[in-house]
Every structure is written in C-alpha cells, then in structure tokens.
Amino acid sequence: MAKEYSEKSFLTEIDDYSLVERYLGSFKPPINDFSYTKPETRRRNTETIVEQIEAVFRRQPDPIQQEIERDFQHINSLSNDKGTQNLISEAQEQGVSVPQDALASMNVYDRAFWFFNNHREVFDQADAVQQFYDLSGWKRVPVPTKTIDVVLEKKDALIDALKKYYGESEARGKYGEVDMYPKGDRVYVVARLTGNAESNFIPDEKTGGFK
C-alpha cells in the first residue's frame, strides 16, 4: 500500500524529476519555472530539488495548486507494487504498448508518474479500480462485452448462482454477496464470500475505498 500522502514525502520518493518537469509543461499555459536533467554519475541534492519544486507550486494560483495536489494524490495511490501490476494489466487490456525495460528500471513512484504523463486513459482506469487491489483474491478476469445495464441486471442471478454453487447450508453460500460498481464505461463486479454472517467489508462513500 502506498504511504499516506504528503507533498514533501511524495516528491522525495521520485527518482527522475524530469517527470515533474513534463507534468508542469502540460498545463495551459505551461509552467516552465522548473527544469531537470537526471545526472548519470554525480549525486544530487534531493532536498534542494524538492524545495525548488514546492516554490514553483506556491507561485501558482490556488486552483492550479489544488489541481496539482489532487493529481499527486492519485499518482501516490498507485505508487506501490500493486499499483504497478494494476497499471500494466490496464495497459494490456486497452492494447497499449509500454516500454517494459524502461519501466523495470524505474521505482514505483516514477512508474505511476510515467503512466500519468504518457497514458492518462490507462492511468485513470487503473486509478478507478486500485481500491480492489487491496482485496484478497482480487484479479482481473476477461468477460464477454455487454452493456452496463445488462450487467447490472444480472446481479441477483449471480447471487443465486453463487448460493447454488456453494450450497445454502454453507456459510459462503448463505451469506455471500455481490456488489457492482459502475466506473465510466465499465462495471466492476465484486463477489464477497465469507464464512460469517457479518463482515467489515463495507464501501466507504467518502474515500471511494473500503473499510
């Protein structure tokens, strides 16, 4: 799981600050107050670089500062091993080719930032389902393409099928539940199988995650 977000901690973890330079340059008008070339041999002063970046941020209007903070929070949330797995899986699902060797040489923060800069559609879809990657047993399973309405209408049928498969007498069959989460043009189906009548698997509406 990615560390709880703080601006300074997040920026300190980045290895290649040219990712930040490119991100700032994507604004309209571009923010060109920061530039960086990654050194090949000499050591860098990370603290000084982070201070330079934060000084650039503080000079921006409040709406831009807020946008930067939101973006960095999303990038931070995918800056872990599960986030990398999620991003790669999403790229494969969308048929997007990515430089595997280059990504392998990056740390998890740079990988997430790279996807944010270069393939926003991949990043956004991965971000939408990152919450599921903290669930035990979660994995992507290819399914036939159907409209969202058709899938949502099958919730009760899936519940009945799970109960039939595991048996009404088994706790997993009796207490198993199914939740569906529309995300853009997709629906993510989460089947919960538990040996108990109660569970702490509860959607958290404030954070979009789970308790």
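User: In a salt bridge, a side-chain nitrogen of Lys or Arg sits within 4 Å of a carboxyl oxygen of Asp or Glu. At what N to O distance do the side chains of Glu54 and Lys8 meet?
Analyst: This is a predicted model. The side chains of Glu54 and Lys8 meet in a salt bridge. Glu54 lies in helix α3 and Lys8 in helix α1, so the pair ties together parts that are 46 residues apart in sequence. The N to O distance is 2.9 Å.

User: Is Glu54 buried or exposed?
Analyst: The cut-off for buried is under 20% relative accessible area. Glu54 has a relative accessible area of 14%. That value falls under the cut-off, so Glu54 is buried.

User: And what is the relative accessible area of Lys8?
Analyst: Partly exposed covers the range between the buried limit of 20% and the exposed limit of 50%. Lys8 is partly exposed. Its relative accessible area is 45%.

User: Which residue meets the side chain of Arg58 in a salt bridge?
Analyst: The N to O distance in the Arg58 pair is 3.1 Å, and the partner is Glu7. Arg58 lies in helix α3 and Glu7 in helix α1, so the pair ties together parts that are 51 residues apart in sequence. Arg58 is partly exposed, at 44% relative accessible area. At 18%, its partner counts as buried; that partner is Glu7.

User: How far apart are the closest N and O atoms of Arg59 and Asp33?
Analyst: Arg59 forms a salt bridge with Asp33. The pair links distant parts of the chain: Arg59 is in the loop between α3 and α4, and Asp33 is in the loop between α2 and α3, 26 residues apart. Arg59 is exposed at 52% relative accessible area, while Asp33 is partly exposed at 48%. The closest N and O atoms are 3.6 Å apart.

User: How many strands are in the protein chain?
Analyst: Along the sequence, the pattern is α-α-α-α-α-α-α-α-α-α-α-β-β. The chain has eleven helices. Its strands number two.

User: Which element gives the most residues to the largest nonpolar core?
Analyst: This core has 38 residues, and Phe10, Tyr17, Leu24, Phe34, Phe72, Phe113 and Phe115 touch the most other members. Elements giving two or more residues to the core include α1 (7-13), α5 (81-94) and α7 (108-118). With seven residues, the top contributor is α7.

User: How many residues form the second, separate core?
Analyst: Leaving aside neighbours within four places in sequence, Tyr17 touches residues such as Phe34, Ile49, Val50 and Ile53, among others. The second core is separate, and includes Tyr166, Val178, Met180 and Val187. Its size is six residues.

User: What is the relative accessible area of Leu87?
Analyst: Leu87 lies in helix α5. Leaving aside neighbours within four places in sequence, it is in contact with Leu78, Ala112, Phe115, Val122, Phe123 and Ala126. Leu87 is buried, and its relative accessible area is 1%.

User: How far apart in space are Leu87 and Asp127, C-alpha to C-alpha?
Analyst: In sequence, Leu87 and Asp127 are 40 residues apart. In space, their C-alpha atoms are 8.4 Å apart.

User: Which residue is 96 residues from Glu13 in sequence and 6.7 Å from it in space, C-alpha to C-alpha?
Analyst: Glu13 lies in helix α1. Glu13 is partly exposed, with a relative accessible area of 30%. The residue at 6.7 Å is Tyr109.

User: Which residue is joined to Lys28 by a cis peptide bond?
Analyst: Most peptide bonds are trans. Here omega is about 0°, and the bond is cis.

User: What percentage of the 211 residues in the protein chain is buried?
Analyst: The accessible surface of the chain comes to about 13,200 Å², and 47% of it belongs to carbon and sulfur atoms. Among contacts between residues at least 6 apart in sequence, 62% join residues at least 24 apart. Buried residues make up 37%.

Terms used. Residues are numbered from 1 along each chain as its sequence is written. This is a predicted model: local features need pLDDT of at least 70, side-chain atom pairs count only at pLDDT 80 or more; totals for chains, interfaces and linings use all residues. Side-chain values use heavy atoms; hydrogens and water are left out. Helices (H or I, at least four residues) and strands (E, at least two) are DSSP runs, numbered from the N terminus. Buried means under 20% relative accessible area, exposed over 50%, partly exposed in between (1.4 Å probe, protein chains only). Contact means heavy atoms within 4.5 Å. Accessible areas come from the Shrake-Rupley method with a 1.4 Å probe; for residues, only the protein chains shown count as cover. A nonpolar core is a set of buried Ala, Val, Leu, Ile, Met, Phe, Trp, Tyr and Cys residues joined through side-chain atoms within 4.5 Å.
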